[in-house]
Amino acid sequence: MSSRIEILNDGGYRSDGRRQYELRSIDIDMSPQGTADGCAVVSHGLTQVQVCVFGPREARKRAETLHDRAVLNVEVGVLPFSAGERRRRGRADRRILELAASIKSTFEPVIQTSLYPRSQIDIFVSVLAQDGGLLQACINATSVALASAGIALGDLVCAVSGGVHGTFPLLDLSALEEGDLPNVTVAITPRSGKVTLVTLETRLHVDRFGEVFARACEAGRVIHTEMRRAVRARTSKLVDAMGAGTKGTGEEDVERDVLMSEINDF
Amino acid sequence: MVLDDEDFAEGTQKLTCPGEPITSSHAFMRGHGTYVDNEEVIASVAGTIERVNKLISVRAIRARYSPEVGDLVVGRITEVQPRRWKVDANSRQDAVLMLSSVNLPGGVQRRKLESDELQMRTFFEEGDLLVAEVQAFFADGVMSLHTRSLRYGKLRNGQLITVPPALIRRLKSHFITLPCGVDLILGLNGYIWVSKHLKQNEQEGEDAFDAEAVYSNRNDDIDDATRAAISRVSNIIRILGAHFVPLTDTLLLDAYEWAVEQEGGVKDLLNSDIGDALVSAVAARS
Amino acid sequence: MPRPPSPSIPEKEFLYGSLKQSLRLDGRNPLEMRTPTLTFGPDLGWVECAMGKTRVIAQVEGKMVKPPPERPLEGLITIHSELSPMASSEYESIRPSEEEVTITRMLDKVLRRSDVVDKESLCVLSGQRVWHLRLTIHCLADAGNMLDCACLAGVVALKHFRRPEVEVVGEEHDPSERAPLPLSMHHTPFCFTFAYFPDPTILPVLDPSHLEQRLSAGLMSVALNAQRELCVVQKAGGMPLDQQEVLRIVDVAVGKAKELDKLVETRLKEDWAGRTVEVR
Amino acid sequence: MTLVLPGEQVPAQHVNLKLGPGLLQLSSANGDSAIVATRAGDLNHSANRSKWWIESNSRRYVPAPQESVIGMVIARSGDNWRVDIGSAHMATLDGLAFEGATRRNRPNLKVGSLLYARVSLAHKDMEPELECFDAQTHKAEGFGELKGGFVVHCSLKMCRLLLDPKFFLLPLLGARFPLETATGLNGRVWINAKEARHIIAVSRCIEAVDPDGGSMDEAGIKKFLGTLDI
């Protein structure tokens with residue numbers, strides 16, 4: 001595909017004015033949606049993904065329950081008007097199924113599923129708008145949504161996409177760049193710095209791969225800072241709200257303490 | 001991050017987020033919401049750090065209900081199985097209500113017969129709501145409920161509101177009667193039943209318990225004023241739930257008084273500015 | 001039909017125990033793959049690839065079609081993969097399982113999207129006639145690592161295939177008297193799958209057997225050609241790995257690709273030498 | 001020994017005729033009956049021609065009473081265990097069918113544990129049932145949970161060969177290093193030895209000798225053992 005737009009101009013700027021390693025602005029909204037146990041809307045620039053998490057709850061299909069851990073169920077829906085061209089993707093679309101399978105296997109080792117035997121955790125992903133970096137947005141949003149549902153996680157998972165233009169690695173590709181460049185998506189667990197997901201779908205020389213891979217791993221930590229800030233902000237907001245409500249009911253607390261000590265006396 | 005005793009000074013609540021190291025695993029023991037890796041205690045949920053002596057745990061700010069024996073819960077029947085009902089109680093797995101843990105018509109101490117097994121749906125069927133107490137746990141962690149008290153059993157004459165379970169504190173009594181003729185049952189699982197007030201003698205029943213009334217599927221007559229009051233209380237709970245305010249009886253009373261003072265319609269409460277005003281008003285009042 | 005039960009506790013413990021001592025149940029080294037056996041059929045473009053008891057048949061056929069208007073100068077390639085319960089009772093015929101989706105998507109990425117065949121060379125007459133290649137991959141038996149076997153079968157079938165040389169005379173085209181031509185291929189990618197295990201002290205193994213695959217904590221597939229060009233890297237979740245570990249696996253794959261490329265070339269030459277292609 | 005194909009008539013006649021696996025009695029309306037083979041294999045009969053059977057090889061196990069099998073615990077249902085023995089249906093194992101088991105003291109089996117058990121009930125219309133003791137004496141008789149070791153899956157014929165004391169393989173291997181085996185008639189062989197490489201060697205030898213696989217003979221195995229690191 002030939003493009004009339006310069007991916008990286010002589011001044012070192014990309015088509016949308018970013019520098020080589022500059023990420024798009026990230027927006028994380030964790031306000032509750034409907035009856036979901038956990039929810040997040042994450043935007044990377046113009047790519048926007050909403051994830052709702054239900055569970056752990058009673059498994060819908062008894063035959064599929066596992067006696068020692070929870071079952072994960074991931075469903076991905078792409079809105080027909082999310083991309084530039086209106087296109088309806090069925091649920092059985094292989095690309096969608098692959099996306100769901102990647103999300104599932106990324107989070108299976110991260111969620112401490114053994115704490116919730118015989119249960120099911122449902123993750124519903126809906127892609128609201130796409131402008132490149134779909135997998136990264138889905139993974140980041142799922143990570144935050146799981147945290148907001150209070151599900152035990154080993155770590156947050158942070159994903160970033162990257163590409164190579166000539167010999168220059170770029171990070172967080174937009175749809176325009178994704179179409180023209182070999183691109184990689186990397187997901188890391190920031191505490192251990194280990195890699196849970198790597199995908200590369202286009203031809204790239206081995207030597208180039210190493211460089212963009214390392215850059216993407218570093219960028220994962222930047223995403224992590226943002227995610228942590230959002231999760232903390234949400235937590236502190238809720239804690240404050242609970243504190244504000246209990247302020248006046250000090251009596252209750254005292255009474256409860258008495259009750260507790262009575263119980264302890266037994 | 002290394003924890004010192006000062007970190008747990010009164011009034012400060014330390015927040016954490018999944019994957020954040022809290023302290024060394026040599027000096028402390030890990031509790032709920034944490035795990036140990038590489039000699040460090042690490043948080044696995046987002047919430048507040050709590051410490052009891054050497055035990056560190058993280059209380060998730062929002063999570064499913066984790067039951068304890070003796071808790072009062074409101075639940076919904078999801079399935080009728082041989083000699084038991086499955087009850088959705090907002091927990092990790094559906095709770096179990098054994099046929100042997102309910103009061104049946106014809107005397108509290110009556111033996112369960114085979115005919116009772118065959119007509120389990122006449123007591124509870126799928127979709128019925130009930131209030132019960134957590135009796136015990138099965139080996140696989142499923143909670144078992146019982147309704148062997150005259151206050152427990154099938155629910156009618158009202159509506160169900162759901163709030164995050166963290167907002168329901170353990171109170172002296174979870175059966176609250178508001179002066180506006182509304183009864184509240186605050187299930188510790190975050191399910192709240194708002195219904196028409198029943199007079200004490202009706203509620204307790206006469207000495208033998210009245211199976212007709214206990215397992216009835218018909219609502220009593222509810223007058224318009226009571227209906228409005230039920231809706232108003234429900235809306236107040238919804239607002240408080242949305243603002244993540246813990247519910248107590250005094251708080252609900254204050255909120256109801258405030259709502260009546262405003263003289264607005266019942267549905268006006270759901271406007272966001274009125275909702276915000278309500279929350280700040282109750283916070284100021286108390 | 002219920003899915004086959006997962007391996008028993010003694011099987012699991014024994015496998016982990018012996019892998020810790022770098023012993024594999026079939027006597028291979030951790031980074032040794034089963035030597036693939038390639039059998040060519042009577043027709044050009046028909047290959048059976050066997051790695052141990054894993055067996056796949058791949059077949060290429062070509063026909064002339066009118067190209068779609070948006071790409072008048074390019075030929076078409078479609079891949080049909082059949083993963084029926086015949087290969088293993090883990091595959092269901094009704095609903096594609098996750099493994100199946102992964103395998104079909106990977107085949108598509110390795111054999112089609114990485115530009116293996118020069119599509120422009122498949123054009124006979126711009127906007128009028130192009131070749132439509134149809135690659136059918138039929139999995140016969142799955143004894144572990146179906147993906148690598150299927151990719152190898154597919155790529156060898158493409159290399160083995162010869163398309164008739166045609167001449168366009170006016171509106172008609174007919175096979176000319178010349179010998180059939182091999183496809184013009186940009187490169188030859190090979191896929192290598194590594195399995196890693198829950199215990200981080202166990203090193204990953206190449207070309208996992210069925211039991212190893214079932215007990216692994218994740219797979220990582222690397223597809224690349226002998227010219228050190230990566231085509232696909234796929235590690236979709238599973239146990240987290242160190243960054244260095246990922247790069248080490250890629251390096252191992254680079255070496256293996258060169259070996260496999262040699263093997264394939266020799267086998268193709270042998271087959272070609274023993275074949276007399278009729279020129280009509 | 002003659003080779004028969006399914007549908008072929010078998011000249012089996014005896015006053016006290018007993019038919020073994022692979023044979024079926026068909027009776028027609030006029031009262032005659034014919035013995036027909038239902039499997040392909042070698043036709044065998046006892047010395048007095050009263051018992052007839054067909055010896056063949058297959059991989060799918062069909063439970064028959066009193067056969068020893070190796071099973072894996074799949075689930076617990078009430079007091080019973082559900083056990084996979086490779087047959088069309090799961091088998092049931094009573095929690096009390098163990099030596100010394102009482103209502104209070106049951107064996108502690110986990111899902112995924114391996115068992116050496118005997119088929120106590122096999123009926124075409126019912127799920128097979130297993131027991132881990134001798135029903136008369138209540139002694140274990142070697143049945144019970146198999147701990148450690150490894151399981152090899154092989155053809156049913158291979159299992160029968162391994163149970164034949166005259167068969168060369170196990171004595172040959174036993175001469176090289178000490179090993180322990182339990183052979184189930186359902187195509188599973190449990191092996192244990194001190195070292196992992198010995199277990200691997202046994203497992204590879206069984207695969208190599210299996211008539212449904214390598215069908216290697218004694219000389220071949222000796223050569224093969226030479227190439228292994230044991």
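Of the 280 residues in chain C, 46% count as buried. This is a predicted model. The briefing covers chain C, then chain D, then a hairpin in chain A.

**Chain C: overall build**
- Chain C carries five helices and 14 strands.
- The C-alpha trace spans about 70 × 40 × 35 Å along its principal axes.
- What is the radius of gyration of chain C? The value is 20 Å. A compact globule of 280 residues would have one near 19 Å, so chain C agrees with that expectation.

**Chain D: overall build**
- Four helices and 15 strands make up the helix and strand count of chain D.
- Chain D has 230 residues, and 30% of them are buried.
- Taken along the principal axes, the C-alpha atoms of chain D fill a box of roughly 60 × 55 × 30 Å.
- Among contacts in chain D with a separation of 6 or more, 62% join residues 24 or more positions apart.

**Chain D: domains and annotation**
- An unreviewed UniProt entry lists residues 149–196 of chain D as "domain: K Homology".
- In the model, residues 149–196 of chain D are 35% helix and 33% strand.
- The end C-alpha atoms of this span in chain D lie 9 Å apart.

- Strand S6 of chain A runs over residues 158–165, and strand S7 of chain A over residues 168–171.
- How do S6 and S7 of chain A run, parallel or antiparallel? They run antiparallel, joined by four bridges.
- Within this pairing, A:Gly162 stands opposite A:Leu171 of S7(A).
- S6(A) and S7(A) form a hairpin, with two residues between the strands.
- A:Gly166 lies in the turn and has a positive phi of about 60°.
- In a regular strand, side chains alternate between the two faces of the sheet.

Terms used
Residues numbered from 1 in each chain as written. Chains lettered and ligands numbered in written order. Predicted model: local features only at pLDDT ≥ 70, side-chain atom pairs only at ≥ 80, totals over all residues. Pairing = 2+ DSSP bridges. UniProt positions renumbered as here; feature names shortened; annotations may be inferred. Buried ≥ 20, exposed ≤ 12 C-beta atoms within 10 Å, placed from the backbone. Contact = placed C-beta atoms within 7 Å. Rg over C-alpha atoms; globule rule 2.2 N^0.38 Å.
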